[in-house]
Amino acid sequence: MDDTLLGIGQVAKESGLTVSALRFYAGSSILVPAVVDPATGYRLYRPTQLRDARVLAQLRRVAMPLRDIRQILAAQADLAEVAVIIERHLRRLEAELADAKRVFSTVQHLLDDQENRMSTTNDALSGLADRHLHSGKVRDLYSADDGSLLIVTTDRISAFDYVLPSEIPDKGAILSQLSLWWFAQLADAAPHHVITADVAEYPSEFRPYADVLRGRSMLCRRLSMVPVECVARGYLTGSALADYQRTGAVHGVALPPGLVDGSRLPEPIFTPTTKAPVGDHDAPMTYDAVVETVGAGRAEKLRALTLDAYRRGAEQAASAGVILADSKFEFGEAPDGTLVLADEVLTPDSSRFWPADGWRPGQAQPSYDKQFVRDWLTGASGWDRTGPPPPLPEAVVKQTRARYVEAFQRLTGRRFEADVQPQPA
Ligand code: Q0Z
């Protein structure tokens, strides 16, 4: 055995730890010097303890608690036990990262309250900042004390991947009520996550905000969300068209030759995507990738539920003179394993709606709701699509609001009434 002992200064130098840190660890029963020279009082370490000091220095870099490090140094011959301790710490770090993301999202929301004068719901709901979980481009998510979730649909509008600096009055209420109506229409095909949209039934912490929430929010069961965006397409456009033009297939599904932008597909197809973090784009998944992610049983149910919901939606839309080109559904799992339809359904924000009488395969189809916005942004506005987009002129706001109202009334057969508590469909 090599019994050349090392001084504390040398161990510090070669491990990257400081002398005072080494003293502190020794006081915590980690890396206790093998020998204290009785004459000088110097702390002396064995060569193997230098390796321990290096291990310690590395593990502290990833904030591993001292008790875990003590265990690892004691168990070092047993690599399986070391792996268990490392795995446990990795899961802690992942949980902390998820927590940090929520914190950052809340911070952005808080700052937005001050910066973004245009966002009326942000201002009105700033008292709920500590319950705020997440914001999408258009909707905000809050958590209730009883574990349920509140989805608030704002009047924000996005185009070309930007949230515009103008709002469309009542858009949030219209889309929220459209989604509620569809949940009710689809209820015999799939259970859904809505508990109530009646503000009088909301948990008490939301009562002070009843006037802002009424008509534009829904209280939902908290589910374990399936990490797959379930998209169904009956028509070829967008990223699926690009896929097809490159490979002749879409998400691994072969399609007949000769299809063009806006072509109706022989039958609706399931084109799932990954859920990308904020700001990223979703990536296509093959069916096999879905099976790998959620298991064969869930994958088959998701595909069947998605295609069924799409078919029903497309059929009802068609009878109102509207083409439902494609739609994205999100599912969550209830504690008993049931797959539950969640998020929003069959709204213009989750789907492509085209006016049936303007359908011309072979060219880009006009959007039912956003065409005035897109035309103005790419034309008269002079915006070059690099920086943030300019505010919309009043006329474009009015035309666009009218399109949302019209879509709601055609699809549901109901009148849209602002500031009214929606009744169950
Ligand atoms: C949905 C989202 C946002 C609205 C989480 N029932 C549920 N259970 C668990 N999680 C969710 C739901 Cl809906 C959930 N999202 C997306 C974000 C507003 C919906 F800011 N995130």
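**Exercise 1.** How many of the residues of strand β12 (residues 228-235) are buried?

*Solution.* The model is predicted. A residue counts as buried when its relative accessible area is under 20%. In β12, 8 of its 8 residues are buried, and the strand is therefore described as mostly covered.

**Exercise 2.** List the strands that pair with β12, giving the sense and the number of bridges.

*Solution.* Take the partners one at a time.

- Strand β16 (residues 273-274) pairs with β12 in the antiparallel sense over 2 bridges.
- Strand β15 (residues 264-270) runs antiparallel to β12, and 3 bridges join them.
- Strand β17 (residues 322-333) pairs with β12 in the antiparallel sense over 4 bridges.

**Exercise 3.** Locate Y45 and decide whether Y45 is buried or exposed.

*Solution.* Y45 lies in strand β3 (residues 43-45). Its relative accessible area is 0%. The cut-off for buried is under 20%, so Y45 is buried.

**Exercise 4.** Which residues does Y45 touch, leaving out those up to four places away in sequence?

*Solution.* Contact requires heavy atoms within 4.5 Å. With that cut-off, Y45 touches T4, L5, L6, I8, V11, L22, L31, P33 and A34. Take I8 as a case to check: I8 and Y45 are 37 residues apart in sequence, while their C-alpha atoms are 7.0 Å apart in space.

Definitions and conventions. Residues numbered from 1 in each chain as written. Predicted model: local features only at pLDDT ≥ 70, side-chain atom pairs only at ≥ 80, totals over all residues. Heavy atoms only, no water. Buried < 20%, exposed > 50% of the residue type's maximum accessible area, 1.4 Å probe, protein only. Pairing = 2+ DSSP bridges.
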